[in-house]
Structure formats: structure tokens, C-alpha cells
Amino acid sequence: MDRRGPSPHPPPRSSGGGLFQVQGCPSDALALTNCLIVHPSDFPPGQHVLVKDAFALTLPPGYIGASAMQRQWIGLSLSGDSVPVQPLPAPPHPHSPSYLQSLDIEIGFLRRGHEIAEVFSADDMAKTFLRAFSGIVMSEGEVIVFEYHGQNLKGTVRGLSTLDLAEEQSRGGGARGLQGVGIVMEKTDMTFVKASDSAIKIKSSAKKAPPNAILAPNFKFEDMGIGGLDTEFADIFRRAFASRVFPPGLVDKLGIQHVKGLLLHGPPGTGKTLIARQIGKMLNAREPKIVNGPEILSKFVGASEENIRKLFADAEKEYKEKGDESGLHIIIFDELDAIFKQRGSTNSGTGVGDTVVNQLLSKMDGVDQLNNILIIGMTNRKDMIDEALLRPGRLEVHMEIALPDEHGRLQILNIHTSKMRHNGVMDDDVDLNELAGLTKNFSGAEIGGLIKSATSFAFNRHVKVGTVAGISDDVENLRVNRGDFMQALEEVHPAFGVSEEELAQVIQNGIIHYDTVVDDLLRTGQLFVEQVRTSTRTPLVSILLHGPPGSGKTALGASIAQASQFPFIKLISPDNMVGFGEAQKVSAINKVFADSYKSPLSVVVVDNIERLIDWTPMGARFSNAVLQALLVLLARRPPKGRRLLVIATSTVRPILTDLGLAEVFDSEMRVPPISTLSALERVLREVELFPTSEARRAAMRMLQEAGFSSDEESSRLQIGIKKLLSMIEMARQEPDSIAERLTGSLLGLGM
């Protein structure tokens, strides 16, 4: 089909190029070769050339002629235009074009507005293309025309990649001669993408990943600067992103839709917002739109709904143009609970919150479904979000970003201290493994705060004494050492940790082992702790300590909790709820239990149940709302993977049966009062009240003569350890008559 004729300015073949006048392509058939047409005396068959020092083409035998597409791409004119044409060396010359490893072409019909019902197979189109253009040079941005199934198609080279460096080195290791240029070969990997302004229908390959793959190349989770979330990231990828990695043809065979919504929930400071800030590094997608919840709301009627629609406008436009070949559009809602509350739960009177929820629901899963969006919502209060938003098809993947375990805390410590260690400002005595073990239930943000606190102690060592902002001369020797971190641990406490101050206040006098019953109670409590820690059948264990007032129930419960070394220990005490109404009490109690579910191992001490429910014997009055809340919470099993020990105390055990509370406890332990002289003497010896043992024995004889017995059944002595210790401290105030003061108090009590 080659037409041959005289060249307008025929140079000698040995000249290797020159100026050539531009003419039209001799025939439509030659135009479809996408080659310049030259005379055989000018260039040998199959020669690659460079036009205007920038455009590479292949020249088969024939006249010098450029098709309309070539003239448009290169910028040539038929009105006597002359352009320089230079031959390019053939492979394996170092400066020759490389062979193409892959070629991405945006494809559409040559005639604008042309529509046919046929769906073109990307695999078959690639075979036709490679047969037609094998050995031809292609350049990035080049516009080509080729025939497929009787239709003239227009393609634009949008991307290409050449063979790797090893292939380049085998050709001599020279510098690359041309960038963005390559030679098509039979094994070139072809990818066709629908042009945005074309109605062409392409069935994607069932073997190749889509050109808009979700994960960026060479991505590593460590690059995000987020530690302790390996398992969570693996689950997020499996549920939300895996279907987008596989070829669209395979996904189409399965007949499934991509996941459109992901909800990240969990305690504050665990990394939810950090994931939002770093999501662009993980995903090969459009720049994510990050929206803080309250920014959506507006005082103007309809403006809030319009703000929602604007977020989806770009995704809708591209999906109409490209269909499933559209890139992924990510919208991230931080503080999701601020705007998408349960419909009907707000009393604003405007109903704006409800209509905003409705607008988002229609955009995510309405009549015109989009398959190129991914909504990522983040919240600390999953319970406040409208249920319709959480069902499949919307925010269907719910991922808890929990408190990091010890391995996760080590990763976070490594991330936060990387610069310290790299720059040599951390002492060798700092053991990150030790710190990971000591920071139980610390969130990622709290670990960051711990490190800031440690550095503040290091800074303080280099501040000049007597100055406000002066620093010492040896500041270059500043090092953060282990002592700084130990001091920081005393200063920074986790929100979901141990209530150390409350526990210390309850057991400030320690536990006095005045009788074997105390040892038995502590030993039994330890058995319950181990049951919670190890049993797979009982993630919830609740025990009741009951006894007369002042018998040490709260101190024993707190001691059992503290000895467990569980990362979460909280005390629910009526002392902290003075002035609370019913609703406030229920909310406070519920919050402690909800917080306990965020920790793998937790202990909740519910002190003095009858005072919590406002029970009084006069008319048997009590708060039913608080009672019902306790009945539910004490019997509710914690979520999967969480374990909870509840230790409750009560002074009036009989009423618990009438109220239905006794049934919720797995076990009961009675804490008896001190009722024998031997137990009393053990306490006196422990607190060292008397200066000599003779004085102590004299006091004991006085009590025995008054009728108190060593036999519990016949003894008149019944006193709680708390009240006894109070009497002992009062007796200390009169050193000269300690025995008389103490025995007088006890005799008065015994009477």
C-alpha cells in the first residue's frame, strides 16, 4: 500500500536527515499506520526519526507525509512548512529509544458523538493494537488513529514505561537519549482507558489490575508514622480496599459492589484523625476531601444539604464520563457524630440535622449509585450516629481503633523517639521495651505526651538557676535519660487507666491481716482475677463483698483490684456523685462501664450500692433509674476480646435480694467485723499503739474482765476495722492514758 514519489528536497541518504517539506498523507490506509511517509532514497525502511528535535516517529518506505492527527500533535502546516528530521540509532545503541514495558492509552471514537451498542474487549483490542504497531515508536502525549472492528478509534498516549535499568545496562549503560519515548513490542503491556468525552464502552481485562489502582506503588504502613495498628490496617485493606486492587473484570464476574463507607471508632487519641491526615500517602486516589463535622452545618435553609452535594459533585461528574474507570474519590468526615446524629434526637426545631442525614444517605446509596467514592467517617461516639448510615451499602465497615497493645506501644515509641535516637540525644539507659510494658492503656496521643513530659525534665536540667529563660552552657550535652521517663510516668496518666489516687485514698491504711478470714478473702479474690484473665468461658465475673459498716469491704475490694495489675481499674463511689440527679448518676456509671470495654482487662469497683441507688429504710425509697442501670450493666457481657471483673460492696445485704440485685453476682463473700480478743490484739500489735507489750497485755486483760471473750460466739465485741482504727488514733492523742481511753471506748461500744 506504500505510495512512492519524488521528494521535494531529496538529500543524499548518507546525510542522515535534513529539512523536509510537509505534505499530507498519501492515503487513509497509510494514515492508519501512524507513521511519517518518506521516499526510500531518504531513509531506509523501518527507520526511527526525530522530528523538530522532540517528536519521535517511525518511517516506512514512501513519501514524506503526515496525517492530520500527526500534524495537529507536532504542530505542522501544509502551506510550505519545512521541518528538520533526524534519524535515531537503532537498539541496542545507548541513545536509541527503549522498548516499552507498558503503554496506557485513553481511547474514544474518532468521530465525536459517535455511539454504538458494542462493548469492546480491552484484551482483544490490545492484541489488534500490538499486531498493527509492533516495532513502532510511541511518545507520551501522541495522538494516534487505528481501526478496530470496523470503527476508527482515536487514542492519546497518557503514560508509558520502558524496560528496567538492567535492560538499559545490557545495551551499554549509556545515558538515556529520549524521555517519554519507547518502541512497541509484542509483549508490551497495554491498558486502555475510556476518554472522558466519548461514549465508547470497554470491558476491562479480567487479568490485569485497573490503571486507577487504590494503593500507591511501594507503599509501606510505616511511612505513615502510625504504630500499633497493623491488625487494623490489614482488616481495613481486606474489607474496604481489596476489591479495588483486583481487575474490574474479575470483580464484575463476582457481581459485587465496592465498599463505599468505612467507620473508624474508638477512644480519643488512638490515631483516627492521624489516619485521615495520612490517608493520601496510602491511597493512589484524588486528594482526599477532609471535612470537620460542624463545617457542614449552616444557618441558611438548604445550605447544609448543598454543602453535602458539593462534596460529591466531582465524583459524580467523573463517574458519568468514565464509569468504572473513574479514579477513586475519598471524602473523610472527622467528628461524624456532630452532624449525623440519630434522626429525631435533636430538639432544634429546624430539622436541619435530619435532612443532612437524608442527603448523605441518598448520595451514598440512592437511585444514582456511585461506585467511585469511599466515605471514611471517624467518631468517638458510634452510639450517637444514625443507624441507617451504618448499614451495608453505606458506612458498612466498622473498624475499632482500640488502645494499642504492648507491641503497638513499642512501635509508637519507636516512631516518636526516632529523631532522638538518630541525633544521639537519648541516653543508652532508656529501654523502649521497658517503657512499652509500663504504659498500659496509653493511647498513641498519650505516649506522645509522655515523651514531651520526659523531654521537659531533660530541658529543666539545663536551665540556669535564678533565671526565667536562661540556659546553661552545657546545653549541647542535653540527653533524655531513663529517669526523665520515670518522672514523666508519674505525671502523665492514661484516660483509660488505673484510678491510682482513688485507690490509694481507699487503702491508705493498708490491709491488716487480723484474722485468717482476711487472707481467705484476698486469696479468693485473686482466684476470681485469674479466672477473668485466663478463662475463655467467663469474660465477665462479678462478686459482692458484704458486711457491717466499717468492716473494710471497700479496702479489700480495692486491694484485690490493685493486686490484679489490670490496665484499667476504676472506682464507682457515691462520694464522687454528691449532688448528682438520677440522669447524671446513670450517665456517670454507664461511662465507667463503657470505658472498661475499651481495655482488654478491666476491674470496676462499685462501692456501697445502697447509697448509689439512694436507698433509705424509711418507706423503702430508692432510685429506680439507677437501680435498673446497675441491673443491666452488672450483667452485660463485655465485647469480644474484652474481660471485666466487677467487685461490689454493700452494708445491707438483705435488701439486695428484694431489689433483684443479688441475682446478678456470681459469688458473694462476707467480710466479718472484729469480734474476738485475739483479732483485736493482732490489730493493736500491727499499729503499734502501746509502747510496750506489757501495756498491751494489760489492756487486753481489762477487756477480758469486762466480759469480752476469745470465743467469737460468746463475745460481746463487734466492731469494724475502720471504726477500730479511728478509736486507736483518738487514743493516741492521750499518751498517758492510752489503755484507759481505748478500753473505755470499746466497753462503751460493747455495751
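**Entry 1: helix 16 and helix 17**

I started with a helix pair and found that helix 16 and helix 17 cross in a right-handed sense. The model is predicted, so I treat every value here as computed from it. Next I looked up which residues make the contact. From helix 16 I noted V518, L521, L522, G525, Q526, V529 and R533. From helix 17 I noted L556, S559, I560, A563 and S564. I then sorted the contact of helix 16 with helix 17 by class: seven residues are nonpolar, four are polar and one is charged.

I also checked the geometry. Helix 16 covers residues 516–534, and it packs against helix 17 at an angle of about 45 degrees. The two axes lie 10 Å apart. Because of that angle, helix 16 counts as oblique to helix 17.

Which strands make up the open sheet, and in what order? I read five strands in the order 19-20-21-18-22, with parallel pairing. Strand 19 (568–572) and strand 22 (667–670) are the edge strands, and each of them pairs on one side only. From one strand to the next, the twist averages 15 degrees.

Strand 20 (residues 601–606) and strand 21 (residues 643–650) run parallel and are joined by six bridges. For S602, I found the bridge partner L644 in strand 21.

Then I looked for helices on the sheet. Helix 17 (residues 553–564) packs on it and touches strand 18 (540–546), strand 19, strand 20 and strand 21. The direction of helix 17 makes about 165 degrees with that of strand 21. Helix 20 (residues 624–635) also packs on the sheet, touching strand 18, strand 20 and strand 21. The direction of helix 20 makes about 130 degrees with that of strand 18.

For the pairing I took strand 15 (residues 329–334) and strand 16 (residues 373–379). Five bridges join them, and they run parallel. I330 has L374 as its bridge partner in strand 16.

**Entry 2: helix 10 and helix 13**

I went back to helix pairs. Helix 10 (residues 406–416) and helix 13 (residues 444–460) pack at an angle of about 45 degrees, and their axes are 10 Å apart. That angle makes helix 10 oblique to helix 13. Their crossing is right-handed. R409, I412, L413 and H416 of helix 10 meet G444, I447, G448 and I451 of helix 13. By class, I noted four nonpolar, three polar and one charged residues in the contact of helix 10 with helix 13.

**Entry 3: strands around strand 9**

How many bridges join strand 5 to strand 9? I found nine between strand 5 (residues 98–109) and strand 9 (residues 151–162), which run antiparallel. D104 stands opposite G159 in strand 9.

Strand 8 (residues 143–148) is also antiparallel to strand 9, with six bridges. F146 has L153 as its bridge partner in strand 9. Strand 8 and strand 9 form a hairpin with two residues between them. In that turn, H149 has a positive phi of about 55 degrees.

**Entry 4: confidence**

The protein chain averages 78, and 80% of the residues score at least 70. Over residues 59–63 the pLDDT stays under 50, and the model has 32 contacts there beyond four places in sequence. Over residues 165–176 the pLDDT also stays under 50, with 17 contacts beyond four places in sequence.

Conventions
Residues are numbered from 1 along each chain as its sequence is written. This is a predicted model: local features need pLDDT of at least 70, side-chain atom pairs count only at pLDDT 80 or more; totals for chains, interfaces and linings use all residues. Side-chain values use heavy atoms; hydrogens and water are left out. Axes are lines fitted to C-alpha atoms, for helices over the stretch in contact, and angles run from 0 to 180 degrees between N-to-C directions. Helices (H or I, at least four residues) and strands (E, at least two) are DSSP runs, numbered from the N terminus. Angles under 35 degrees count as roughly parallel, over 145 as roughly antiparallel, 65 to 115 as roughly perpendicular and the rest as oblique. A crossing is left-handed if the near helix is turned anticlockwise from the far one by less than a right angle, and right-handed if clockwise. Contact means heavy atoms within 4.5 Å. Ala, Val, Leu, Ile, Met, Phe, Trp, Tyr, Cys and Pro count as nonpolar, Asp, Glu, Lys and Arg as charged, and the others, Gly among them, as polar. Two strands pair if DSSP finds at least two bridges between them. pLDDT is the predictor's confidence in each residue, from 0 to 100.
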